[in-house]
Every structure is written in C-alpha cells, then in structure tokens.
Amino acid sequence: MTTIHHKEMLQEHVSMEFSSSTTHMQTFSQTTKIVGEEVVTTKSSSTTEFFSLVTRSSNIPAGESIPEFVDKPQPVTAPEGDKAMFRVRVQGNPKPNISWKRESGTPIKESAKIFYDNVSKEHVLKLEPLTSDDSDNYKCIASNDHADAIYTVSLLVTEGQEKLDFKKMLKKRGPPPPKKKQKVTDEKEMLEILSKVPKKDFEKVCMEYGFTDFRGLLQKLKGMKKVEVETIQILKPLEDRETKVDTTVVFDCIMELKDPNVKMTWIKDNEPLRIQYSLGKYDVKQMGTKYMLVITNVNMNDAGTYSLSVGNKRISAKLTVLDEPLKFLGEMKPMKVTERQTAVFEICLSKKVPNFVWKFNGKELKRDEKYEITVSEDGLTHTLKIKDARLSDSGEFFAEVGDLVQTAQLTIDRIPIKFVSTFKNVRVKERSRACLECELTSKNVTLRWKKDGQLLERSSKYSMSHEGKRAELVIEDAQLSDGGEYTVVAMQDGDPAEYCSTAVVTVEERLATVKSGMSDVHAATGSPAELCVVLNDEKVDGVWLKDAEEITDLTGAQIVKQGAVHKLIFPNMGPEHEGKHTFRAKGAESEASVFIADPPTIDPSVLEALAAHPVTVKVGHTANIKVPFRAKPLPKVTWYKDGMEVTEEERVSMERGEDQALLTISNCAREDSGIVMLKLKNDHGSATATLHLSVLEPPGLASQPQVTDVTKEAVTITWNAPTQDGGAPVLGYIVERRKKGSKLWVPVNKDPIQGTKYTVDGLLEDTEYEFRVVAVNKAGPGQPSTPSSSVVAKDPVKPPGLVQGLQVSDSSNSSISLAWLEPAEGDPPSGYILEMRAEDIKEWSKCTKIPISGTCYTVGGLTERQKYFFRIRAVNEAGWGEPVELAEGVRAMPPPGEGCRQAWGLGPNILAPHLPLWDLIPQEKTGRCCDQERVVHACAWTELGITPGASLPKTNRQNENQKPHSLCAE
C-alpha cells in the first residue's frame with residue numbers, strides 16, 4: 001500500500017512598502033522509498049529570491065549613497081541535521097547596518113550564528129543543525145540614513161532517505177529488545193532469510209543467527225533464481241483536480257519504468273497535447289520517478305479529462321474549473337507613512353477584470369510622476385504607489401471595480417526632525433565666548449532656546465542664528481552665572497512633537513597671572529604718566545586701588561584696558577596722584593608707587609621780576625630774599641654772591657621750604673650789594689635765579705650850591721649831584737635856606753626837586769641868605785651840603801659876557817702863557833676863571849683857586865710837549881659868564897725859530913699876536929724842519945691859505961743872525 005501526500009503551494013507577495021521587487025520560483029520533488037509497510041513521501045517545495053528597497057529621502061548628498069548588495073544571498077536547500085549559510089556583501093555611505101529576519105515573523109533560533117567575516121568582508125547567517133522548523137524565507141536588511149535594502153531568499157529543509165527510514169523503523173518497532181542469538185537449523189533456511197533483507201544488512205543478520213561464513217552465503221544467494229518484475233509499475237496514479245480561473249494546476253504521478261526510453265504522451269479528451277506549441281500553456285517535467293503536467297493560466301476551456309499514455313498503460317484524471325463571482329480577496333489596509341516616502345496600496349481580486357480604477361477624493365487617478373499604477377502578471381493584484389508623499393496626499397483612497405468598492409485611509413506623518421549633529425557640552429573660561437551649534441535634517445523648522453527650562457530671548461548676551469539646517473547659540477562674555485543646561489527645541493507645522501537637543505555649558509572661573517608687572521613711576525607735575533600691567537589672559541578684568549582704596553572717581557586718572565594690557569593713565573600728573581597703586585585681578589596682583597618727579601622750576605614771571613627789580617634794603621636793615629620754586633623731591637639749595645658761594649654765618653642764614661628758598665642777611669652793609677644767584681638741584685634737573693641785591697644808604701653830599709641869579713624876591717641856585725648816590729639813584733633834592741647868622745634852616749620845597757637848579761622865591765629884599773641842598777634817594781635824605789655863599793636878595797648885577805681874543809702869547813717846555821681881552825657885553829667882570837685839561841683828560845680843572853684879576857696868565861708846571869686845552873670865563877657879582885675855549889690845543893714847548901718864519905714868509909702878527917707859526921699847522925701835517933728838526937707837509941699850505949711855492953711873508957726871528965731856510969716837505 002502506498003500513501004501519497006501532495007501539497008500545493010501558492011506563493012503571493014504583497015508589496016506595500018518596497019519600491020521594487022522580483023520573484024523567482026523553482027519547483028522540484030524528491031521521492032523516498034521504504035521497504036515493507038513504510039510510506040513513500042514526497043514533498044513539493046519552492047525556492048524564493050526577491051529584492052525590495054524602501055527609500056527615506058529623495059535628495060541624497062553628494063558622496064553618499066543608498067545600501068547596495070554587492071554579493072547577494074542565495075536560496076539554500078539542505079537536509080535536516082545539516083547546516084545552512086547565507087552570505088552577503090554590501091556597500092553604501094553611510095555604512096549600512098545589517099540585520100536578519102524570518103518572513104514568517106518567527107524569531108531566528110538561538111543556536112544561529114550571525115557574524116562578520118573579516119577575511120571575505122561578508123555578513124554571515126549560519127543555521128546549524130537544521131530542522132524542518134527552519135524552513136522559511138529569510139530577509140537580509142541593509143539600512144542606512146537614506147534607505148532600507150531588503151533581499152529575501154528561501155531556506156528549504158528536506159528529509160533524507162536513510163534518515164527517514166531509520167526514523168520510521170524506530171517509530172514502528174519501538175525500542176529494540178535485548179539482542180539474543182537465534183538458531184537456524186540449516187543453511188537453506190538462512191538463505192531464505194537473507195533473501196528478504198537489504199544487501200547492506202546481510203552481515204549484520206548473519207551475525208545475529210550465528211553464521212560466520214558470510215561470503216559463502218553471499219555467493220550461494222547470487223546463484224538462486226531471481227523473481228521476474230513488471231516493465232511499468234505505477235506507484236501513484238493521476239488524481240482529479242479542481243481549481244479556479246487564472247490559477248496553475250499540476251497533474252503528477254509516480255512510476256517505475258524498466259525501460260526509461262519508453263514513449264509517454266499527455267492527452268486531453270482523447271487529443272494529444274501539443275506541448276511545444278502551447279506558448280507556455282503546458283509544461284512537462286520529471287523529477288526522478290515523478291512525472292508532471294503543469295497547466296498555467298487556467299480558464300474554463302481547460303476543464304476536461306487528462307491522461308498519460310505510457311507504453312501499453314494509460315492513467316487519467318479529471319480537471320474541474322470553478323467560475324466564482326468577482327470579489328476582493330482581502331481588505332485594503334490603511335496606510336501610515338512618513339512624508340517624502342512612497343505609500344503603497346495593494347488589493348487582490350478573485351479574477352482578472354478590465355475595469356479596475358483607483359480614486360482619491362472622488363477623482364480617478366492616472367499613471368504619472370506622482371502615481372504609479374501596476375497590475376501583477378496574473379492580472380489579479382492591483383498596486384497603487386503614491387510617490388514623494390506630502391501632507392496634501394492625506395485622505396481616503398478608493399479601489400473600484402464595477403459595484404465593488406474598497407477604501408483605505410492614507411495618513412502622512414511629518415518626517416521626524418533629527419539632529420545630524422547635536423549640541424555638545426561646552427566648557428569655557430569666564431569672559432570667553434561660548435558657542436553651541438547643531439545641524440538638523442530639515443531647514444523648515446521653528447526653534448526655541450531655553451536655559452535651565454526658561455525661555456531665552458535674543459539680547460546682547462545671547463545671539464541666536466538659524467541658517468539653513470544649522471542653528472547656533474552664542475553666549476557672549478560668559479559669566480559664572482551663565483553656566484547651566486541649554487536646550488534647543490525644534491518644531492514643524494503639522495507635527496505636535498518637540499525635538500530637543502541639550503548640552504551643558506560650564507563656565508570656569510578665569511584666573512590670571514601677571515605676565516609683566518608694574519614699576520615705580522617718577523613723573524613731573526603736569527606731564528603724562530601711566531602704570532601698566534600685562535596679564536596672560538585678555539579676558540580677565542581687574543580693579544585699581546590707590547592706597548588700598550578702590551579707584552572709582554580719581555580726578556585726572558583714566559583706566560584703560562587693551563586686551564591683556566591694563567593701564568592707569570595720568571594725562572596731567574598732580575600731587576593727588578601720588579601714592580601706592582595696586583592692580584588686582586582674579587589670581588593676580590601687582591603694585592607700584594607713583595612719585596612726583598619735578599625738576600626745580602622757577603616761574604618765568606618771577607625770574608623777570610627779579611631781573612627787573614633789584615632787592616633793595618637800607619644799610620643796617622635785614623634783607624630777606626625769597627624765591628618761590630616747584631620741585632619734587634625738594635632740591636638742594638645753594639646761594640652765590642658775585643660768583644662766590646654763600647655760607648651761613650652770624651649775619652647770614654639760609655632756609656628751604658616746600659615751595660621757596662630764603663636767604664636772610666641781617667644788618668646789611670653797602671658791601672653786601674651785588675649779584676645774588678640761587679641754584680636749585682635735585683635728581684631730575686636744576687634751575688637758577690639771578691637778582692641784584694642793592695643795600696642802600698642815603699646819598700652823599702651834594703656840591704655847594706652856587707647862586708646864579710639874584711633878585712630882590714628870589715635867588716636861583718645850582719649844584720652838582722653827590723658823588724655817592726648811596727646805592728640808589730637820587731630821587732630829588734630838598735633845598736633849605738636860612739638868614740645869615742641864624743641856626744634855623746627852613747625847607748624851601750616839600751617834594752624833592754628833580755633837577756640841580758632851583759629858584760628860591762619869597763625872599764625879603766636886602767636880606768642876606770645862605771642856601772644848602774639835601775639829596776634824597778630810596779634810603780631817605782642824605783646829609784646837607786655845604787652852605788652856599790651868602791647872597792643879598794636884591795636885583796642882580798648882569799653877569800659878564802664872553803671873554804674876547806683868547807690866545808697863546810708864549811710857551812716853553814713847562815709853561816704856556818695866555819692873553820685875552822675883556823668881554824664886550826655884560827657888566828664888567830671882577831675876575832676871570834681860567835680852566836685847563838690835558839689832551840687825554842675830559843674833565844676841566846681850574847688853573848687858580850681864585851679868579852684872575854688881569855687879562856693874561858702863565859700856566860706853569862706843565863709836561864713837555866704835552867698838548868693842553870684852555871677855556872676861560874669872566875665872573876662878577878652876578879655870576880659866571882659863559883666859557884670861551886681856545887680853538888686848538890697847545891703843546892708845552894718853545895715856539896718855532898725866526899728862520900722858519902722867514903722861510904715860510906710869515907709875519908710876526910700872522911693869525912694872532914704871539915701865536916707861534918707852529919701852532920697854526922696841524923700836528924699830523926708837520927714833519928721836521930731845519931733847525932727845529934720839523935717839516936711842514938705841503939698839504940698844510942692850503943689849510944694856511946698859502947699857495948704852494950709862493951713867497952711867505954717875513955716873520956720875526958728869534959735869532960736875527962739865523963739864515964732863512966727853505967720850506968721842506970716830505
């Protein structure tokens with residue numbers, strides 16, 4: 001008895017997510033024969049292999065790609081207890097992740113091994129040992145950010161013959177009983193037993209029955225007569241089939257043929273089938289002892305009786321085709337996809353129809369770039385793909401065929417916002433710039449920024465930017481309080497979800513060190529000065545202190561920060577800026593002192609005043625010379641008088657104050673007058689001041705007043721200034737009078753008289769008066785002069801006029817004789833005042849102490865050949881007349897000889913009586929002459945009014961016997 005198990009497999013693939021798919025199917029059978037009561041079982045199986053791709057984005061950046069199978073997995077058919085290995089090699093950017101799944105949803109068994117072969121660069125799924133439960137379609141899924149590539153292959157686990165026999169024997173016999181050796185009476189009986197067992201079990205059976213001559217029995221068994229077998233043996237006949245339109249049906253049978261070349265013919269309703277000309281309608285296959293007829297795309301005309309004619313045998317079976325009413329095989333399921341992906345609706349009909357349509361919002365859909373409408377090869381499965389799904393594609397889609405309608409809802413989810421790069425925790429120093437940035441998968445988003453859960457607003461502290469897919473938060477000048485958790489919240493229209501990226505900003509206290517510290521500063525008053533500190537960090541701030549007090553409002557001070565350089569600037573240095581200054585920052589401190597460093601200076605106006613106005617003090621008084629100055633530190637003070645350094649002594653003391661130098665000279669004497677110089681010096685410079693110290697005393701005696709004019713009411717007197725002015729110019733004079741014989745002097749004027757001539761009026765007529773003069777300067781009035789000669793107040797006698805005819809009458813080596821005539825005008829003189837002066841002296845001196853009463857006078861005691869000048873004036877009671885001066889100087893020497901006179905032709909009275917010819921000729925025009933050893937230059941003739949070469953008038957000779965001499969000229 002033979003039992004046939006047949007299983008018809010209908011394999012369908014419904015793709016609602018994949019963008020492409022292919023299916024390959026191969027059908028085969030395997031037969032196992034079991035001796036005796038064992039069952040011959042055939043299993044019909046198929047191999048599956050197809051590929052699908054699910055894309056996530058339509059725009060793939062340059063340099064990136066979707067996953068791609070370089071080496072694809074292959075379907076595997078293996079017996080139970082064996083092993084199966086699927087190997088794949090994939091590529092893509094970003095690098096794909098590989099996962100394995102069973103199509104049935106059953107988890108892959110725990111004993112399976114999934115690993116990556118570093119040598120072959122392949123991903124491997126290894127199943128070992130195989131069981132019938134492992135049969136399934138296995139999916140290899142390669143995924144990256146852009147797509148999922150899915151390759152599906154089948155694993156078919158078969159049952160091996162030997163294994164199957166052994167299992168069935170175990171099942172029929174149960175556990176083997178304890179082995180006992182059986183006894184056989186003779187060899188014939190043993191041969192009869194061996195003829196019933198397989199050849200491979202001969203040795204085993206012989207051992208059980210105690211026969212050891214195994215080879216001898218085998219030879220005898222071969223010689224026994226064999227049983228004849230039939231030429232065609234049908235193990236499984238054809239069976240009736242019942243199927244539907246547009247399906248595939250298979251008629252199969254199992255036969256053992258003695259002659260494998262026997263003719264076989266398939267027949268339908270007594271008509272042989274023309275297999276080769278059926279265009280794929282019929283197909284004949286053989287797998288071992290199994291013979292099959294495959295009929296595809298069954299229709300109503302295919303119903304009938306099908307037979308297989310083999311040799312002289314024929315087996316038949318009936319095919320019944322069922323015509324069912326049109327209906328949907330299943331329901332169209334609602335779809336929910338993410339925007340930009342492809343949504344797929346699929347529906348199966350019970351039979352092929354021509355009037356199937358897809359609709360959306362009541363409008364029939366046509367195949368275009370948006371919609372891809374396809375029908376399977378059998379015309380039963382209709383597929384609608386909505387490409388690049390958008391929110392506007394949400395709604396109900398309709399599948400209509402005649403009166404049959406199915407609907408399904410399409411829901412479009414927004415593409416979740418993802419952070420390509422998220423916020424990273426940031427650690428910055430205080431006062432630095434902290435930057436948080438991220439990149440999103442979409443640029444059409446709305447961003448909100450938070451710190452510790454509180455919403456942030458844009459300000460000078462926080463700067464938010466969103467350009468394209470990049471977002472950035474910048475924290476300027478970060479303080480310790482700016483540390484915390486910062487979050488960016490991204491949202492998009494039509495998506496209630498909030499997508500966040502969070503990072504922690506840590507602000508560390510910024511500590512600095514001094515890179516370059518301060519040094520003490522010495523600066524002049526009014527000059528610029530600065531203190532400078534350089535830190536190692538330009539972000540660190542600090543404070544300035546003066547004498548341990550923070551500087552908040554120091555007049556004339558500027559605080560400047562230039563990067564890491566901190567300055568305290570004094571544009572105009574002043575005393576208020578002196579002191580100890582400290583710069584203090586976190587972790588750093590520097591200090592220095594500021595000093596006024598003024599070189600000694602004396603105000604120019606003071607110097608001008610000292611030069612223009614001498615320091616004046618009276619004799620016996622104390623002179624205090626003060627010179628103000630500015631200097632820091634205080635200078636060394638040195639005083640000089642007429643170039644000699646002044647030292648302290650009994651009358652002299654020196655003091656130095658903060659702003660002045662003082663020289664004190666007590667009990668001043670006239671000798672203390674002179675040029676006084678002050679020298680100031682410190683480490684930064686020096687200064688000098690020069691002044692004149694004038695120690696004054698009242699002026700000396702004026703000369704004895706001389707009466708120059710007298711009337712009955714007034715007397716005019718003149719006098720000369722005193723020879724000693726007392727160290728100061730004479731400011732004027734006080735004139736005093738008294739009656740002769742009286743001791744009471746009466747001042748004539750209240751205010752000093754500026755000149756040296758004054759008319760005293762208000763006198764009593766015929767009263768005799770005396771006058772004296774007191775000179776006055778800054779020191780006060782001096783001593784009175786010698787009283788004038790007494791004079792009677794009465795109308796004056798006229799003074800004499802000019803003396804006439806003053807001439808030299810004679811001369812010698814030691815004397816000169818002069819003669820003159822009385823004045824022609826004025827009252828007669830009472831005498832004459834003769835004055836003289838040598839050539840090299842400018843002052844005139846009287847030749848006599850009293851006036852000369854005559855009209856000639858010889859001045860003696862002269863120096864030989866010295867030239868002298870003379871003047872004379874007449875005097876009487878009215879006073880002195882005006883002086884008359886001799887026109888030329890006269891030399892103390894004898895006059896020229898008589899011979900020269902004759903030679904010159906001059907008379908004795910030429911030019912003037914007693915005037916020697918020699919004196920008529922300028923000295924520079926004279927040479928040596930005959931007896932006088934002097935000559936007269938020819939150029940002098942013209943000055944004498946004598947024509948050169950003319951005869952000179954005869955002159956008196958001192959020696960009458962002397963011969964005339966000719967005039968000599970050089």
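Predicted model: local features only at pLDDT ≥ 70, side-chain atom pairs only at ≥ 80, totals over all residues.
**Phe86 and Trp100**
- Phe86 forms a tilted aromatic pair with Trp100, at 6.5 Å centre to centre and with 35° between the planes.
- Phe86 belongs to strand β6 (residues 84-93) and Trp100 to strand β7 (residues 97-102), so their pairing ties together parts that are 14 residues apart in sequence.
- Trp100 has a relative accessible area of 10% and counts as buried because the cut-off for buried is under 20%.

**Phe345 and Phe397**
- Phe345 and Phe397 also make a tilted aromatic pair, with ring centres 5.3 Å apart and 35° between the planes.
- This pair links distant parts of the chain, 52 residues apart: Phe345 is in strand β22 (residues 343-348) and Phe397 is in strand β27 (residues 395-401).
- Is Phe345 buried or exposed? Phe345 is buried, at 0% relative accessibility.
- Phe397 is buried too, its relative accessible area being 0%.

**An aromatic cluster**
- Phe51, Phe69 and Tyr151 come together in one aromatic cluster.

**Arg837 over aromatic rings**
- Over which ring face does Arg837 lie at 5.1 Å from the ring centre? That face belongs to Trp844.
- The charged end of Arg837 also sits over the ring of Phe869, at 4.8 Å from the centre of that ring.

Terms used:
Residues numbered from 1 in each chain as written. Heavy atoms only, no water. Phe/Tyr/Trp six-rings, centres within 6.5 Å; stacked < 30°, edge-to-face > 60°. Helix = DSSP H or I, 4+ residues; strand = E, 2+ residues; numbered from the N terminus. Buried < 20%, exposed > 50% of the residue type's maximum accessible area, 1.4 Å probe, protein only. Lys NZ or Arg CZ within 6 Å of the ring centre and 35° of its normal.
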